[in-house]
Amino acid sequence: MALNFRFAVVSDLHITLPHTIWDHPGRFHLVEVSIPAFESAIEHLTQLNLDFLLLPGDLTQHSEPENHIWLQERLGKLPFPSYVVPGNHDVPVVMANGQSIGFADFPQYYRKFGYENSQQLYYTQQLLPGVRLIGLNSNFFNEQGEQVGRLDTQQLIWLEEVLTAAGNELVLVMVHHNVIEHLPEQSRHPIGKRYILQNSEELLNILRNYGVKLVFTGHLHIQDVAYSQGVYDITTGSLVSYPHPYRVFQFQQDNYGREWLQVQSYRIETVPEFPHLQHLSRQWMGDRSFPFLLKLLTQHPLNLPLTVAEKIAPDLREFWANVADGDALLDYPQFPLEVRRHLQSYGAMASGIPTLIDNHSTLLLG
């Protein structure tokens, strides 16, 4: 029987109850809108006859117990099943402290949302007949106690066992950190590498060996669809930063055995107390972009002198907002050729041709 189902992805919610808001002058996240934005998205999604909802991490601001409790209670009231994985904000410490839950505590909050086995931070669930979800944990603490994006060896062994048992099922993978590069040289870039798995190639090799074609990620807070040798990594922007997006997908198999994935993106336009959310949020991001832009311009591969970067940066005030939008067509003819070409590489041009697949597209999977 041909598969035909619909699901949604809402990522990087950063749920923050008002009394838990942590403020910082350079904060990119507009966490003040986290709950009303989520409620707005849910109001729309409950009208669409969804089969399930995926939430690929950063569910809370800083893993506060009360924010986890609020979210799990809200997910429990939805008319469709929901599945989560932890983001770096959800397991920021190994042991619980006065602010955050501990690393091993996360599954206990989400037993109804994937984690029937509350003893490990990854799982598999049959979503529908012939459709399987694998939820991975990409948060890893190295020997220095630093949190990085990596899949541990035990998890990779488990993954191969699950994929072997899955047989001919359609497998969807959800993980917080990116698996395929969404930015130029992301795995080596001083800024971008923290958003991609350190052992992404190891994971990709496993996925390709078992014919897995779809991975859903978050973390980067941009709308982007990346492809590499048979695998799509679809990353969805954050609900608390511009452009406040979420996605709806329709998967279909036709009579010839071909598989299609239709991608539709939506954005939160307004919430109470923020009636002009899109404009305000874009301004918010631009107001806080200068330090980020200086790093982008002075680090590899441009390595511009600071004095040059300080002159260029003001013209790039909306650069990251345009990247976050997805399908960006970027050009800065006033800049030196090397700088112009590098900045263009963050956009949707491929060999001089616009490739607009980040927000609304239909992908032929095979």
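Predicted model: local features only at pLDDT ≥ 70, side-chain atom pairs only at ≥ 80, totals over all residues.
Strand E9 covers residues 214-217. In a regular strand, side chains alternate between the two faces of the sheet.

E9 pairs with two strands. Strand E8, residues 170-174, pairs with E9 in the parallel sense over three bridges. Within this pairing, Val173 has Val215 as its bridge partner in E9. The chain passes from E8 to E9 through helix H5, residues 200-209. This β-α-β crossover is right-handed. Strand E11, residues 231-235, also pairs with E9 in the parallel sense, here over four bridges. Ile234 in E11 stands opposite Phe216.

Ser11 lies in the loop between strand E1 (4-9) and helix H1 (34-45). The relative accessible area of Ser11 is 0%, so this residue counts as buried. Leaving aside residues up to four places away in sequence, Ser11 touches Pro56, Gly57, Thr217, Gly218, Thr236, Gly237, Ser238 and Leu239.

The largest pocket holds about 930 Å³ of space. It is lined by 33 residues, and those closest to its centre are Gly26, Phe28, His29, Arg194 and Tyr195. Helix H7, residues 290-298, gives the largest share of the lining, four residues. By type, the lining divides into 14 nonpolar, 14 polar and five charged residues.

Most residues other than glycine have a negative phi, and most peptide bonds are trans. Ser63 has a positive phi, near 65°. Ser63 sits in the loop between strand E2 (52-55) and helix H2 (65-75). With a relative accessible area of 0%, Ser63 is buried. His219 also has a positive phi, near 75°. This histidine is placed in the loop between E9 and strand E10 (224-228). His219 counts as buried because its relative accessibility is 5%, and the cut-off for buried is under 20%.

Two cis peptide bonds can be described as well. Tyr242 and Pro243 are joined by a cis bond with omega of about 5°. Pro243 is in the loop between E11 and strand E12 (245-253). His300 and Pro301 are likewise joined by a cis bond, with omega of about 5°. Pro301 is in the loop between H7 and helix H8 (306-312).

Methods
Residues numbered from 1 in each chain as written. Heavy atoms only, no water. Buried < 20%, exposed > 50% of the residue type's maximum accessible area, 1.4 Å probe, protein only. Contact = heavy atoms within 4.5 Å. Pairing = 2+ DSSP bridges. Right-handed = clockwise from strand over helix to strand, strands pointing away. 1 Å grid on protein atoms, 1.4 Å probe; cavity = no way out; pocket = protein on both sides within 12 Å on 5 of 7 lines; lining within 4 Å. Points joined across faces, edges and corners; volume = space filled by probe spheres on them. Nonpolar A, V, L, I, M, F, W, Y, C, P; charged D, E, K, R; others polar.
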